[in-house]
Amino acid sequence: LVRRVGHIRVFAAMAAIASATILVQGMFVHPLTWSLLRLVSGFCFAGIYVVAESWLNDRASRKTRGGLLAVYMAVLYIGLGSAQFLLIPTGPATDRPFMLVAVLISLAIVPIVIAAQRAPEIELPRKVRYRELYGNSPLGVVAVTVSGMVSSGVYSMGPVYARLSGLGTSGVAAFMGVSILSAVVTQYPIGRLSDRIDRRTVIAGVCVLATLCAATLAAFRGLPHAAFLALTAVFSGVALTLYSLAVSHVNDHLEPAQMVAASSALLRLNGFGAAVSPVLVGSLIAGFGPPAYFAALAGLTSVLTVYDLWRKMRRRPPPRDQKKSFVAAQPQAVTGRLGRQAN
């Protein structure tokens, strides 16, 4: 679609369909209907992320990619975190939240269709197979998948954990707001740090800190509420940077013609992780109670830590920008929600 009609038209079309599916969810409250509509809206948002992130990657270089994607993710998390508090004035049992969300999605179309900024030129993309993508950047591919599992676990099972822990609607909103908005503060500093040193080192450090925080929250349930929220904020603040770090790491190793195909592939991997995570975390919570929520998240980040350190033992030098003439190329993939030869 991007190749045929361009970034702006694809963005507008996906946003319009997503807005319509949200409104229909408010009209027909049924599990089967919602499942089908969520499938459609999920497809639309994946398309929106491909357009936005590939456009950003087209404008980025090795030295600026981490910071640029960090700003993008910070803006995204401002929206995600602020939206948690919309449950309080609108009431989740009414159709008003659906109407409000549809309005917000529709408004998102306005700036991109009237912007003076020229969209990336369309050129024939090169196919990128999963084997090739993994061969170029093993850590990036694994980190993109794990980041999907972690972020989906926070978004989907966080409210369940908070509710089972005895929090009311306001408490759930506060817990989720802290979980998501904390990533706004950490995105840019961590992203800029990854532009200055090996991204693999930054990913390892992020995972270690996230694991320690999540393991503490799982092991000590009687923490004071302030300490509980503080550790939750630190965990989310570092763990939710994994996506932008992983995508930046992968794209460091891509040619411009590979970016769109790689972006789609990374989105599928991230989406796969996001789909598996609620089933995994939900099953663990059902079997072992609320503490399994943070225990599962600690397990995911610890596995990525071990894999990162193992890859660093087979270390290759990080990529460096090569000075060459500018080529207006296709946007890069981000999972990122959306390659690199990293390890």
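**Exercise 1. Determine which residues Arg163 touches, not counting residues up to four places away in sequence.**

Solution. Contact is taken as heavy atoms within 4.5 Å. Under the stated exclusion, Arg163 touches Gly168, Thr169 and Val172. Finally, the C-alpha atoms of Arg163 and Pro290 lie 9.3 Å apart in space, although the two residues are 127 apart in sequence.

The structure is a predicted model, in which local features need pLDDT of at least 70 and side-chain atom pairs count only at pLDDT 80 or more, while totals for chains, interfaces and linings use all residues. Residues are numbered from 1 along each chain as its sequence is written, and side-chain values use heavy atoms, with hydrogens and water left out.

**Exercise 2. State how many helices and strands the chain has, and how confident the prediction is.**

Solution. The chain contains 14 helices and zero strands. Of its 343 residues, 50% count as buried, that is, under 20% relative accessible area, with exposed meaning over 50% and partly exposed in between (1.4 Å probe, protein chains only). For confidence, one turns to pLDDT, the predictor's confidence in each residue on a scale from 0 to 100. The chain averages 81, and 87% of the residues score at least 70. Where pLDDT is low, the predicted coordinates should not be read in detail.

**Exercise 3. Describe how helices H8 and H14 pack.**

Solution. First, the geometry: H8 (residues 138–164) and H14 (residues 291–313) pack at an angle of about 170°, with their axes 10 Å apart. Axes are lines fitted to C-alpha atoms, for helices over the stretch in contact, and angles run from 0 to 180 degrees between N-to-C directions. Second, the class: angles under 35 degrees count as roughly parallel, over 145 as roughly antiparallel, 65 to 115 as roughly perpendicular and the rest as oblique. H8 and H14 are therefore roughly antiparallel to each other. Third, the residues: the contact includes Val146, Met149, Gly153 and Tyr161 of H8, and Phe294, Leu297, Leu304 and Arg311 of H14. The contact residues divide into 16 nonpolar, three polar and two charged; here Ala, Val, Leu, Ile, Met, Phe, Trp, Tyr, Cys and Pro count as nonpolar, Asp, Glu, Lys and Arg as charged, and the others, Gly among them, as polar.

**Exercise 4. Classify the ring pair of Tyr161 and Phe294.**

Solution. A pair of aromatic rings is described by the distance of the centres and the angle of the planes. Rings of Phe, Tyr and Trp (its six-membered ring) pair if their centres lie within 6.5 Å; planes under 30 degrees apart count as stacked, over 60 as edge-to-face and the rest as tilted. This rule gives nine aromatic pairs. For Tyr161 and Phe294 the centres are 5.3 Å apart and the planes stand at 85°, so the pair is edge-to-face. Tyr161 belongs to helix H8 and Phe294 to helix H14, so the pair ties together parts 133 residues apart in sequence. Both Tyr161 and Phe294 are buried. They also belong to one aromatic cluster with Phe175, Phe228, Phe235 and Tyr293.

**Exercise 5. Is Ser277 buried or exposed, and which residues does Ser277 touch, not counting residues up to four places away in sequence?**

Solution. Ser277 lies in helix H13 (residues 259–288). With a relative accessible area of 0%, Ser277 is buried. Under the stated exclusion, Ser277 touches Met149, Ser152, Gly153 and Gly282. The C-alpha atoms of Ser277 and Met157 are separated by 8.8 Å, although the residues are 120 apart along the chain.

Technical notes:
Helix = DSSP H or I, 4+ residues; strand = E, 2+ residues; numbered from the N terminus.
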